[in-house]
Every structure is written in C-alpha cells, then in structure tokens.
Amino acid sequence: MEKQDQNRQKVAGGLILIIAGVALLLRNSGMVPPHISYTFFGWPSILILVGIFNFAKGAVKPAIMLFLVGGFFITSRMFPAFNVFQFWPVLLIVAGIAFFFGNDGAGMGMFSTGKVSNQDLLNDVSVFGGNNKRIQSDSFKGGQIVCVFGGSELMLNESTIAPEGANIELVAIFGGAKITVPRDWTVRTEVVSIFGAFSDKRYSGSAEGVNPDKVLTIKGVTIFGGGELFTS
C-alpha cells in the first residue's frame with residue numbers, strides 16, 4: 001500500500017511538472033494571450049498545483065486550504081473590475097466551518113491557547129490564528145500541520161518517537177510553524193520553500209548525542225511562509 005502511494009505521488013508530481021513546463025513554454029513563446037497569462041500564470045496558480053499534489057497524496061484538508069486561497073486570488077485576477085477582496089471574510093467563514101468538521105485531534109486554531117495532547121498522530125490546522133501544543137506521546141508517529149494566515153508552535157520534547165520513525169506533512173501559506181524536538185532525534189527536512197524558508201536552528205556546533213534510530217522526517221511546502229526547528 002505504501003509503495004502504491006509513493007508511485008501515485010511520483011506520477012502526480014511528474015504530471016504537474018510536465019503541465020507547468022508546457023504551459024510556461026507556450027507563454028514564453030507568445031502563444032498565450034496576455035490576459036490569460038496574467039490570470040493563470042501568477043503565484044496563486046502555484047497554490048493550486050501544490051493543492052493538486054497534496055490531494056493526490058491523500059492530504060485532503062491541506063489541499064482544500066490551498067484550493068481556497070489560490071482560487072480566491074485567481075478570481076481577483078479574472079474579474080479585475082469586480083472588487084473580489086470585499087469578500088475576503090468568506091475565508092473566515094470557511095475557517096469557522098472547519099471548527100465544526102475538524103476531528104477531536106485537530107487544532108483548528110483561531111487565537112488558540114496552549115494545549116496538551118498525548119495522541120500519536122498529529123492533526124494541527126491553524127487558519128487566521130495560532131495553536132500552541134505540547135505533545136506527550138509514548139509512540140509519536142507524525143501527522144500534518146497546516147498554517148494558512150496563521151501559525152503553530154509544537155513542542156515534542158516530551159514525546160517518544162515510534163520505533164519505525166515519524167513523518168510530518170507541513171503546509172504553510174502566509175504563516176509558519178515552530179517545532180521543538182528532543183535533542184537525540186535525527187531530523188530530516190524535505191520542505192520546498194517558495195518565497196519562504198524552513199530553518200533548522202537546533203545546533204550551533206556539533207550534533208553529539210543524536211540517535212540515528214530516532215528519525216523524524218518533515219516534508220511539505222512553505223509559500224510566503226516558513227518554519228523553524230529547535231531542540232530542547
């Protein structure tokens with residue numbers, strides 16, 4: 001099953017790159033009208049493409065967030081005479097609806113306070129606000145972090161990583177995440193940053209004491225956002 005998921009991700013990623021490459025080639029060749037180029041070849045389209053990739057991976061909730069934000073800004077380009085931005089509170093309404101449909105483990109944050117959780121799988125979503133969580137898991141396996149115009153602070157320094165390791169999927173759009181991990185964890189970051197950054201600030205010198213069997217992998221994308229990794 002895991003191998004099938006990986007193959008599906010490779011196919012989706014490959015198709016997205018091919019389509020984007022062909023579209024950009026047509027635009028650079030002058031075969032795309034200027035108004036279409038302005039509407040569909042800007043940074044909001046990047047959000048849609050990343051959303052499609054997340055949807056192909058099965059990360060439905062991050063994909064929906066990307067579609068909504070990207071679609072909102074594309075609509076503003078499609079109808080320049082119509083003041084789309086007067087409807088930006090619709091994003092707040094969507095965030096409110098997310099409160100009702102988020103599961104108990106999800107942090108659908110809007111100016112949230114600190115919270116302690118002992119769940120092994122993380123599902124943290126911050127929209128127009130922030131979450132602050134201290135995770136106390138005996139077998140932490142990872143999960144997902146979504147920050148859209150918001151931020152999350154996650155403290156994993158009181159958690160024990162699962163024997164098979166853990167994987168975190170991160171999506172930060174106009175927002176960011178701060179993650180604190182135990183000193184002996186090995187952390188691999190595979191985050192793509194577009195007008196953003198993900199910084200590893202754990203070690204100023206040597207990484208002595210790190211256990212190679214305790215592996216946390218952080219994957220995802222930051223768009224006009226970022227993330228920081230610290231150690232306790």
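Reader: Which residues make the nonpolar surface patch of about 680 Å²?

Author: Val-11, Leu-15, Ile-18, Ile-19, Val-22, Leu-26 and Met-31 make this patch. Patches take residues with over 30% relative accessible area and no salt bridge, joining nonpolar side chains (Val, Leu, Ile, Met, Phe, Trp, Tyr) within 5 Å and like charges within 9 Å. A salt bridge is a side-chain nitrogen of Lys or Arg within 4 Å of a carboxyl oxygen of Asp or Glu. Accessible areas come from the Shrake-Rupley method with a 1.4 Å probe, and for residues only the protein chains shown count as cover.

Reader: What is the model's origin?

Author: This is a predicted model, in which local features need pLDDT of at least 70 and side-chain atom pairs count only at pLDDT 80 or more, while totals for chains, interfaces and linings use all residues. Residues are numbered from 1 along each chain as its sequence is written, and side-chain values use heavy atoms, with hydrogens and water left out.

Reader: Where is Leu-26 placed?

Author: Leu-26 is in helix α1 (residues 2–28); helices (H or I, at least four residues) and strands (E, at least two) are DSSP runs numbered from the N terminus. Leu-26 is partly exposed, with a relative accessible area of 34%; buried means under 20%, exposed over 50%, and partly exposed in between.

Reader: Changing topic, how many aromatic pairs are there?

Author: The count is two, where rings of Phe, Tyr and Trp (its six-membered ring) pair if their centres lie within 6.5 Å, and planes under 30 degrees apart are stacked, over 60 edge-to-face and the rest tilted. Phe-140 and Trp-185 form a stacked pair, 6.4 Å centre to centre with 20 degrees between the planes. Phe-140 lies in the loop between β4 (130–135) and β5 (142–148) and Trp-185 in the loop between β8 (176–181) and β9 (186–194), so the pair ties together parts 45 residues apart in sequence.

Reader: Is Phe-140 buried or exposed?

Author: Phe-140 counts as buried, at 0% relative accessibility. Trp-185 is also buried, at 1%.

Reader: Why is the pair of Phe-174 and Phe-224 stacked?

Author: The pair is stacked because the ring planes are at 0 degrees, with the centres 5.1 Å apart. Phe-174 is partly exposed at 28% relative accessibility, as is Phe-224 at 30%.

Reader: And which residues touch the most other members of the largest nonpolar core?

Author: Among the 22 residues of that core, they are Phe-140, Ile-145, Leu-156, Val-181, Trp-185, Leu-216 and Ile-218. A nonpolar core is a set of buried Ala, Val, Leu, Ile, Met, Phe, Trp, Tyr and Cys residues joined through side-chain atoms within 4.5 Å.

Key: Buried < 20%, exposed > 50% of the residue type's maximum accessible area, 1.4 Å probe, protein only.
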